[in-house]
Amino acid sequence: MLAEKPIDKSRIIQTQAAHGNFLKATKSLCPEDLRILDAELWEVDGQVLMRKSCPDHGSFEDIYWSDYDEYARAEKFRDHGTGLHQPIESKLGCPLDCGLCQNHQTHTILLIMELTTRCNLRCPICYARAGELNDSGGLSLEQIRSILEYTQQNNYPMRVRAVGNSGGEPTLRDDLPEIIEMEKAHGFDYVLTMTNGLRLAEDIDYFKKLRDSGTWIYLQFDGVTSEPYLKTRGQDLWPLKQKVLENARKIGYGKIALIPTLAKGVNDHQVGDMIRYAAENSDVIKFLVFQPVSFSGRIDTTQLKEMRITCPDVTRMAEEQTGGQIKKSDFFALPMNQTMSRMMTKGGQHQDFCVHPHCGLITIVDHSRGKLDPVPRYIKNEAFHATMSRAFALNWSQPRIMWTLATSLIRYVNPRLWLKLSRILLMTKGRKSIKWVLTEWLPGQWLTIGIMHFMDPYNFDMDRVNNCALHFGVIDKEGKPRLIPFCSMNNIHRSTLYSRNGEQKEAGLDMVASSQEQAA
């Protein structure tokens with residue numbers, strides 16, 4: 001394993017007064033050669049900054065979270081989960097040879113497979129650099145099967161229930177319905193297809209096949225006018241996005257999530273418009289997940305300071321652009337889902353819903369009365385979460401947990417929600433999970449709004465990587481399946497797994513390891 005230099009804590013103390021308040025030490029990457037560097041998070045003028053220095057390329061500073069108070073509020077919900085029972089030993093040192101390794105603390109919530117590197121777009125913004133590689137067909141069915149089996153094995157005794165079919169553009173594969181059938185046979189009952197929607201707009205018969213497969217559509221969606229698409233996708237795709245929704249209505253399909261990539265100066269002024277659009281089309285749209293742009297893959301990194309958006313920026317924009325109907329305080333860190341999931345299993349645990357508290361945020365909005373009415377305002381979430389987390393941490397008996405859950409509903413939940421929440425929290429059991437709540441149980445006019453900020457070499461935080469729950473399933477150079485955390489894949493391993501002719505290679509990883517050894 002590569003030697004790691006100890007962090008100089010005396011320097012932290014000496015510079016604290018001049019540079020703000022020190023928050024934590026972590027590891028990050030040099031944006032120039034991807035070597036691993038010591039990094040620090042500091043609170044400066046109400047923002048959280050990442051600072052690091054490379055002996056060859058100088059110092060780097062970037063905004064990690066734009067609002068320290070929201071950063072601290074999210075940290076309250078940190079939950080490491082149970083940890084892996086069958087990790088793979090890291091030999092080069094995390095995150096150079098992910099597997100998942102012994103440093104990883106979170107199970108797989110969502111397995112992502114890039115079924116093909118082919119794409120029918122060449123977007124100026126694309127973390128996967130899709131379409132740049134030759135692809136003779138992508139993953140074979142046998143390779144897909146081996147990844148599915150390995151994922152369940154690596155996460156045992158937890159079961160992984162969610163899988164995302166990505167690319168490239170996954171709908172370029174005619175055998176996608178067959179792949180989805182295979183995924184369900186391996187226990188993945190929540191299947192996503194991550195698509196730009198071109199084929200769904202142009203080929204309604206293919207859309208029907210996906211409808212019949214039971215997959216959810218995660219639709220690339222960058223705004224409600226033509227202008228944002230010209231910048232993010234290189235062409236006007238707004239009419240096509242509307243055609244996808246039109247086709248969905250024609251075939252009776254209502255399982256769409258809109259996925260906007262947000263960039264400052266490009267489409268950040270349409271956050272409120274996109275929320276309203278999703279609510280107005282809730283017969284087919286159930287989720288809206290904002291993804292602040294990541295400066296990895298195909299993007300102009302010289303525009304970082306002009307285009308950088310973090311999670312608190314999105315919640316602030318939501319508040320400003322909805323006239324306060326949605327406030328930033330209505331959003332909560334994703335790991336609180338772990339406690340909610342255990343509420344529904346009455347202390348049991350069939351899935352691990354932990355994720356790093358600064359990866360993303362979530363809220364649910366009721367728009368049944370013609371306005372945006374956030375559901376969290378009717379629940380004292382922090383007190384409810386603290387009470388139930390303590391019950392689970394102390395391993396209380398199931399009868400005691402049931403009693404605590406029932407009394408907490410009365411204490412912490414507004415009466416208008418008693419009937420809705422008591423049925424789901426007190427009467428469900430077994431495999432009923434937070435996924436089931438969000439995809440099947442929520443009333444038709446409740447919209448789930450999420451924010452997920454993927455990292456790039458400038459804000460890469462090893463703490464987040466070790467607590468990542470979105471994992472790419474890949475085939476390594478030896479033909480064996482591996483699991484790689486999302487942001488490690490995009491920033492380190494993508495360039496090492498593929499060459500420009502589509503063949504797998506290891507030269508890039510050798511370069512990173514070599515620079516790391518020189519630094520050590």
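Which residue lies over the face of Trp 396? In this structure, which is a predicted model, that residue is Arg 400, at 3.7 Å from the ring centre. A second contact of this kind involves Arg 73, whose charged end sits over the ring of Phe 332, 5.0 Å from the centre of that ring.

Let me turn to contacts between aromatic rings. Counting rings whose centres lie within 6.5 Å, the model contains 15 aromatic pairs. One of them joins Tyr 64 and Tyr 71: the ring centres are 6.3 Å apart and the planes stand at 75°, so this pair is edge-to-face. Tyr 64 and Tyr 71 are both buried. They also belong to one aromatic cluster, together with Trp 65 and Tyr 68.

Another pair is formed by Tyr 190 and Trp 216. Here the centres are 6.2 Å apart and the planes lie at 80°, so this pair too is edge-to-face. Why does the pair tie together parts that are apart in sequence? Tyr 190 lies in strand β7, residues 190-195, while Trp 216 lies in strand β8, residues 216-220, so the parts that are joined are 26 residues apart in sequence.

I now come to strand β15, which covers residues 446-452.

Which strands pair with β15? One is strand β11, residues 285-292, which pairs with β15 in the parallel sense over four bridges. Within that pairing, Phe 290 has Ile 451 of β15 as its bridge partner. Another is strand β13, residues 360-366, which runs antiparallel to β15 and is joined to it by seven bridges. On this side, Val 365 stands opposite Leu 447 of β15.

Finally, I would draw attention to helix α11, residues 311-321. Its buried residues are Cys 311, Pro 312, Asp 313, Val 314, Thr 315, Met 317 and Ala 318. Just after this helix comes Gly 323, which takes a positive phi of about 65°.

Terms used
Residues numbered from 1 in each chain as written. Predicted model: local features only at pLDDT ≥ 70, side-chain atom pairs only at ≥ 80, totals over all residues. Heavy atoms only, no water. Phe/Tyr/Trp six-rings, centres within 6.5 Å; stacked < 30°, edge-to-face > 60°. Buried < 20%, exposed > 50% of the residue type's maximum accessible area, 1.4 Å probe, protein only. Helix = DSSP H or I, 4+ residues; strand = E, 2+ residues; numbered from the N terminus. Lys NZ or Arg CZ within 6 Å of the ring centre and 35° of its normal. Pairing = 2+ DSSP bridges.
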